[in-house]
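Let's explore a protein model together, one question at a time. Have a look at the sequence and the 3D view first.

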Amino acid sequence: TPAIRALAEKGTTFENAFSNAGRTYGSLISMLTGKLPTQTHILFTPVYLTGRDAVEHAPGLLRARGYTTAQIGMRHYNDADDWNMRGAFDLVNGRQQRKLQPDRSESLERLQRYQNHLLERVAGRFRHLLFVRKLEDAHSFLVLKGKRSPYFEDERRIRMAEAFLQARREPWLLLIHLVDTHCCSEDREERIRLADRNVGRLVRFLRDTGQLERTAILVYSDHTPRWGTLGRIPMILVVPGEAGGESVATN
């Protein structure tokens with residue numbers, strides 16, 4: 001992994017980092033809220049954030065201070081709207097995030113989410129029938145007959161990230177979740193090398209557009225290969241202007 005190793009030489013490597021949940025859904029929510037799953041009661045779909053937890057998060061703090069924020073991941077797993085993380089991102093997986101609503105009772109919030117999901121499903125089918133936009137493949141994250149859907153491939157996410165970085169003024173926050181390392185009978189080492197090349201591609205894009213020296217970069221994983229919480233996960237932080245090659249051994 002030469003691209004990630006180069007970042008480690010410029011930044012700080014956390015040797016004993018652990019996830020607070022074994023799956024993507026709960027782990028990322030814990031990362032972005034700074035709260036444990038025992039506080040938010042969130043581990044996996046279909047549970048979602050409610051009350052103060054829905055509006056207390058790092059992306060919202062930055063957005064309130066003028067940052068343009070974007071999340072590029074996968075629906076239902078890495079998606080602020082599905083989490084009900086309100087006011088977090090300007091763009092969520094290519095969509096404008098739903099507007100932040102005033103505090104509502106849990107019953108009204110549940111009704112609003114149901115209405116939004118119903119409208120999204122109906123609108124998606126109408127667009128498909130009218131040949132406006134192809135319906136999203138509900139099984140796009142699966143490997144079928146040895147092939148992945150283009151929706152799964154990280155190439156699409158990298159292009160979305162480059163478009164965001166090219167068009168948005170600073171300051172910005174970009175959360176991009178690469179998933180090519182996931183799954184199954186394919187060559188895991190090749191998938192890891194592919195993920196490393198994609199990290200390098202983003203770093204080169206930042207350098208070519210003159211943004212690298214003003215950008216803090218965090219490389220992490222949300223869970224271990226076996227979805228446990230006792231195994232270590234990679235975490236490297238690069239902050240412009242700070243000495244590189246450091247390591248932190250404490251948890």
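Q: How many aromatic pairs are there by the ring-pairing rule?
A: Rings of Phe, Tyr and Trp (its six-membered ring) pair if their centres lie within 6.5 Å; planes under 30 degrees apart count as stacked, over 60 as edge-to-face and the rest as tilted. By this rule the model has 2 aromatic pairs.

Q: Which kind of pair do F164 and W172 form?
A: This is a predicted model, where local features need pLDDT of at least 70, side-chain atom pairs count only at pLDDT 80 or more, and totals for chains, interfaces and linings use all residues. Residues are numbered from 1 along each chain as its sequence is written, and side-chain values use heavy atoms, leaving out hydrogens and water. The ring centres of F164 and W172 are 6.4 Å apart and the planes sit at 80°, so the pair is edge-to-face.

Q: Is N78 buried or exposed?
A: N78 is found in the loop between β2 (68–72) and α5 (80–83); helices (H or I, at least four residues) and strands (E, at least two) are DSSP runs, numbered from the N terminus. Buried means under 20% relative accessible area, exposed over 50%, partly exposed in between (1.4 Å probe, protein chains only). Because its relative accessibility is 1%, N78 counts as buried.

Q: Is L129 buried or exposed?
A: L129 belongs to helix α6, which spans residues 106–129. Its relative accessibility is 61%, so L129 counts as exposed.
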